[in-house]
Amino acid sequence: MLSYVLRRFAGLIPTLIIIVTVSFLILRLAPGGPFDQEQTLSPAVRANLERAYGLDEPLLTQYLAYLGHLAHGDLGTSLRERDFSVNELIREGLPVSAALGAAALLLALFAGIPAGIAAALLHNRAPDYGIAAASAVGLALPSFVTGPLLALIFGLTLHWLPVAGWSAGSLRYLVLPAVTLALPVAATLARLTRASLLEVLRAPFIRSARARGLGPARVLLRHALPPALLPVVSYLGPAVAFVVTGSLVVESVFGLPGTGRYLVQGAIDRDYPLVMGMIIVYAVLTLLLNFLVDLLYGWLDPGVRRD
Amino acid sequence: MAGSTRACAVIKAGARSAGGLWQRAAVRLRSRRSVRFSAGALVVLVALAVLGPFASRWHFDAIDWQHLAQAPGAVAGHWFGTDRLGRDLFVRTLTGLRLSLLVSVLATLTSLVIGVTYGAIAGFTGGRTDELMMRSVDVLYALPYLFIVIILTSLLPRGSLTVLFVALGAVGWLTTARIVRGQTLALKRRDFIEAARALGVAPPAILMRHVLPNLIGTVIVYATLTVPQMILFESFLSFLGLGVQEPRASLGNLIAVGAQEMSSAPWMLIAPAAVLVLLLLCLNFLGDNLSDALDPREH
């Protein structure tokens, strides 16, 4: 088991280096530059700026220098917000984004999987139809519709929760954004769990477990759920990616000071170090969480480990 | 000679059972009232998107200076009300729907063409090539797709529709490629492929004549589920200001404006959001039912 874990973990590093290289190239080969918006720059000033940030060097030199700094954990200085290093910007925003993402994922898991189990156990009865309808709506509502709607209902009309904003350590500001972000994931999880559990419950080994006189709870928890949750676990990888990018919209709808805005604004402004920093943070997050999902999968299904 | 006729029979049997599958699926689909209902709603929505704007005397970017930000019903002729600039929201919502549909269907086609070609070649070739091709897909998966879209949209003038659907398609093909590869790997081991190979059919011909036709079912099901995703994705980009640009309307940028005006002028959000949700519900529902109907394990 340990060698499997180590092998999978070692495989992440080359992937990360390839991601860094590919995005570095895409970013630099795209037209436009970080100093384009400032119309009044004279060629001499622009040349000075580019020299100050090392942008006049050959691309290969810049790339190697970037990798060198990266190896020391230094992501460089933002070209737009010049008083801040990329590390500082990310250190400020990431806790907010991470809290939002973690809350949304947990919420989706604790709402979606039980809902799917309930729907499968009450197959073709009222709760099943209710959950199917709710998850269909949850899938069809984009977060930039649910966000404003929830803010309108629970913030502006009922005054239960703040409409927008953030204060560190206060969970009240996290509720509406997390619910907004969790909704489509919970809907997908419920549908997946329902479909897969229904299939497993029809399998012969479940019939034989029942025939051995095991109680319904034991059949469900010990025999049916572990195999039924395999497709659910493999959806967690895409779910993580969804939450990471989805948090971008949710952060802007609810005015949260997370890192989401840096990726879009940075890419539009060609703020090279900021965009690269964000891509690396997102890629590391996605890779690590997918790695954990793979481990969970291997734990649930021993057959996977042999590959 | 006997071997070749038997192989031909196997191939023909494969083709026949595929036709039977489709016929049975059609019967199953038509028998469900909810399917007929959502298919009808979808046809109405598409017809409205194409013809609806002609029913009103307003153009999508015509400004009615006398009636700025009017609620529905306040002024005759503006059935869904007007926005801050006095533009008719009925016409804007429907032209937005038309644009969203157009972009998402084209984007789905783009992603299918790339994804099916890539996935089928990877799965059919196998070995090192397959490994290399799928590893690149993994790497692209881990890149935040928004970054790729932003860079792609900046290669050409902002708001160009071609760029928009190429960008969407370029991102969407990854999942298609994975699914198609998996299906191809499973098909490759089937008897009729083996038979074709034994008959001396060249690999490219096997791919074109025997593998691709058998992928159609999977691809169609996946496509019906991709269109709603592309619609969401298009509106997501337009919401961020990266997609369709003013004065053009798409469901995404209408909702973006509506969300800002929500507390003072809720109708600006409700009309486009309701159309978007209805459209996505119909498409998701039809896609699910189609994949159920084509799934041999059901029934």
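These legends describe close-up views of a predicted model.

View 1. Helix α1(A) spans residues 2-29, and helix α12(A) spans residues 272-300. Their axes come within 10 Å and cross at roughly 155 degrees. The crossing is right-handed.

**View 2. The contact between α1(A) and α12(A)****.** From α1(A), the contact residues include Y4(A), R8(A), F9(A), L12(A), L16(A), I19(A), F24(A) and L27(A). From α12(A), they include Y272(A), M276(A), I280(A), V284(A), L287(A), F291(A), D294(A) and G298(A). By class, this contact has 19 nonpolar, three polar and two charged residues.

**View 3. Helix α4 of chain A packs against α12(A)****.** Helix α4(A) covers residues 86-121. The two axes lie 10 Å apart, at an angle of about 45 degrees. That angle makes α4(A) oblique to α12(A). Here too the crossing is right-handed. Four residues of α4(A) take part: V86(A), L89(A), I90(A) and L94(A). They meet P273(A), L274(A), G277(A) and V281(A) of α12(A). Seven of the contact residues are nonpolar and one is polar; none is charged.

**View 4. Chain B meets chain A****.** On the chain B side, 29 residues are in contact with 32 residues of chain A. Several helices of chain B each supply at least two residues to this side. They are α4 (127-142), α5 (145-155), α8 (203-239), α9 (251-260) and α10 (267-294). The side of chain B that touches chain A has 24 nonpolar, four polar and one charged residues. For the model, ipTM is 0.73 and pTM is 0.78.

**View 5. Confidence along chain B****.** Chain B has an average pLDDT of 79, and 88% of its residues score at least 70. Where is confidence lowest in chain B, and where is it highest? The lowest mean, 57, belongs to helix α1 of chain B, residues 2-30. The highest, 89, belongs to helix α3 of chain B, residues 89-125.

Definitions and conventions:
Residues are numbered from 1 along each chain as its sequence is written. Chains are lettered from A and ligands numbered from 1 in the order in which they are written. This is a predicted model: local features need pLDDT of at least 70, side-chain atom pairs count only at pLDDT 80 or more; totals for chains, interfaces and linings use all residues. Axes are lines fitted to C-alpha atoms, for helices over the stretch in contact, and angles run from 0 to 180 degrees between N-to-C directions. A crossing is left-handed if the near helix is turned anticlockwise from the far one by less than a right angle, and right-handed if clockwise. Two residues are in contact if their C-beta atoms, placed from the backbone, lie within 7 Å. Ala, Val, Leu, Ile, Met, Phe, Trp, Tyr, Cys and Pro count as nonpolar, Asp, Glu, Lys and Arg as charged, and the others, Gly among them, as polar. Angles under 35 degrees count as roughly parallel, over 145 as roughly antiparallel, 65 to 115 as roughly perpendicular and the rest as oblique. pLDDT is the predictor's confidence in each residue, from 0 to 100.
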